[in-house]
Amino acid sequence: MDAFDTIFIRGTVVDAKTGEPIQGANVYLKSDRTNSAFSNVHGYFSLSVEPLQLNDILVVTAAGYERFTDPVTLNHNLNLQSELFKRRESKDDRSESDVQLVQNALAGDQRAYGRLMARYRDSIYFIIQKMVNNREDTDDLTMEAFGKAFQNLHKYSTDYAFSTWLYRIAINNCIDFIRKKRIETLSLDEETNDEEGNSTTKDYESDMPDPEESYIKKQRILRIRSVIDRLNPKYRRLIELRHLEEKSYEEIAEEMDLPLGTVKAQLFRAKELLLNIMNNTKERY
């Protein structure tokens, strides 16, 4: 089926009981979770889509609320209001507050980390995906965001919502990544005028490291390699494939004969173990 013209889905997300707008709700079509929009402080969202099918399902999720779904026909622009009901308290894991889970995690409950990650994984993923627009980078940055949050969990203050604290870590980490990745292209032949109006060619310093820098870099790699070697062989191989051989998740899954989801989960655990080893080592890396 050929793609339809661009369709705009606009609307508001509100609390079904109070009518209050819900900020930060994630809105997407079931057929394409990578294209999403977030509601603003007024609960308003605007999602542009290029549908490949006429009928789809609009999905709206927000922390603390039940998932909202609404069948939609994508032959014209839509203006909708999504009313979300708060998640009912029960004896299952979801009834636990974020603060309780943080306290449990700090007390050594490994399952609490998993529950926090499961609760916010999708939201963090979609925020980052909007910023970098690259699936593999999004996967890496999502794991990094949770890794940094869990590493600094003792710094979390209950004066703020855990979600706000977590989103800020993810966004700041993403901004740092974008800054590092941004490449400024400069022409070596670019001419400028001096104070007397004469045309001159700019001289640029070489980006190549000098011998001393090269030596320091090699020593640093050797020390990091010694830390990687202290990992369990299973985790060590994952780190080598991903960060030394720079293979994609799909290539790693194929080489190790593992499901893609298992590769991502074990890589997250491998990075966490690596951070713990480095933090407990006196040498700086």
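Which residues does Ser-82 touch, not counting residues up to four places away in sequence?

Modeller: A caution comes before the answer: this is a predicted model. With residues up to four places away in sequence left out, Ser-82 touches Thr-12, Val-13, Val-14, Val-60 and Phe-68. Ser-82 itself lies in strand E7. Its relative accessibility is 1%, under the 20% limit, so Ser-82 counts as buried.

Now the sheet around that residue. Strand E7 belongs to an open sheet of 3 strands, ordered E4-E1-E7. The pairing in this sheet is mixed. Strand E4 (44-49) and strand E7 (78-84) are the edge strands. Each has a single partner strand, so one side of each lacks a neighbour in the sheet. On average, neighbouring strands here are turned by 25° against each other, direction ignored.

The partner of E7 is strand E1, residues 7-15. The two strands pair in the parallel sense, over 7 bridges. Thr-12, Val-13 and Val-14, all touched by Ser-82, fall within the residue range of E1.

Step back along the chain. The loop between E6 and E7 holds Asn-75. Beyond its neighbours within four places in sequence, Asn-75 is in contact with Ile-7 and Leu-54. Ile-7 falls in the range of E1.

At the E3 end, strand E2 (residues 26-29) and E3 form a hairpin with 2 residues between them. These strands run antiparallel and are joined by 4 bridges. Val-27 stands opposite Ala-37 in E3.

Helix H1 (residues 98-106) packs with H2 at an angle of about 145°, with the axes 8 Å apart. From H1, the contact residues are Asp-98, Leu-101, Val-102, Asn-104 and Ala-105. They meet Ala-112, Tyr-113, Arg-115, Leu-116, Arg-119 and Tyr-120 in H2. By class, this contact of H1 with H2 divides into 7 nonpolar, 1 polar and 3 charged residues.

Next comes H3. The axes of H2 (residues 110-132) and H3 (residues 135-151) come within 9 Å and cross at roughly 135°. H2 and H3 are therefore oblique to each other. Their crossing is right-handed. On the H2 side, the contact is made by Tyr-113, Leu-116, Met-117, Tyr-120, Arg-121, Ile-124, Tyr-125, Ile-128, Gln-129 and Val-132. On the H3 side are Arg-135, Asp-137, Thr-138, Asp-139, Leu-141, Thr-142, Ala-145, Phe-146 and Phe-150. This contact of H2 with H3 has 12 nonpolar, 3 polar and 4 charged residues. Tyr-113, Leu-116 and Tyr-120 of H2 take part in the contact with H3 and also in the contact with H1.

The loop between H2 and H3 contains Asn-133. Its phi is positive, about 55°, although Asn-133 is not a glycine. Asn-133 is exposed, with a relative accessible area of 62%. Asp-257 also has a positive phi, near 55°, in a residue other than glycine. Asp-257 is placed in the loop between helix H7 (249-256) and helix H8 (260-279). At 68% relative accessibility, Asp-257 counts as exposed.

Last, the whole protein. Its secondary structure comes to 8 helices and 9 strands. Of its 285 residues, 36% count as buried, and Ser-82 is one of the buried residues. Among contacts with a separation of 6 or more, 53% come from residues 24 or more positions apart.

Note on methods. Residues are numbered from 1 along each chain as its sequence is written. This is a predicted model: local features need pLDDT of at least 70, side-chain atom pairs count only at pLDDT 80 or more; totals for chains, interfaces and linings use all residues. Side-chain values use heavy atoms; hydrogens and water are left out. Axes are lines fitted to C-alpha atoms, for helices over the stretch in contact, and angles run from 0 to 180 degrees between N-to-C directions. Angles under 35 degrees count as roughly parallel, over 145 as roughly antiparallel, 65 to 115 as roughly perpendicular and the rest as oblique. A crossing is left-handed if the near helix is turned anticlockwise from the far one by less than a right angle, and right-handed if clockwise. Contact means heavy atoms within 4.5 Å. Ala, Val, Leu, Ile, Met, Phe, Trp, Tyr, Cys and Pro count as nonpolar, Asp, Glu, Lys and Arg as charged, and the others, Gly among them, as polar. Two strands pair if DSSP finds at least two bridges between them. Buried means under 20% relative accessible area, exposed over 50%, partly exposed in between (1.4 Å probe, protein chains only).
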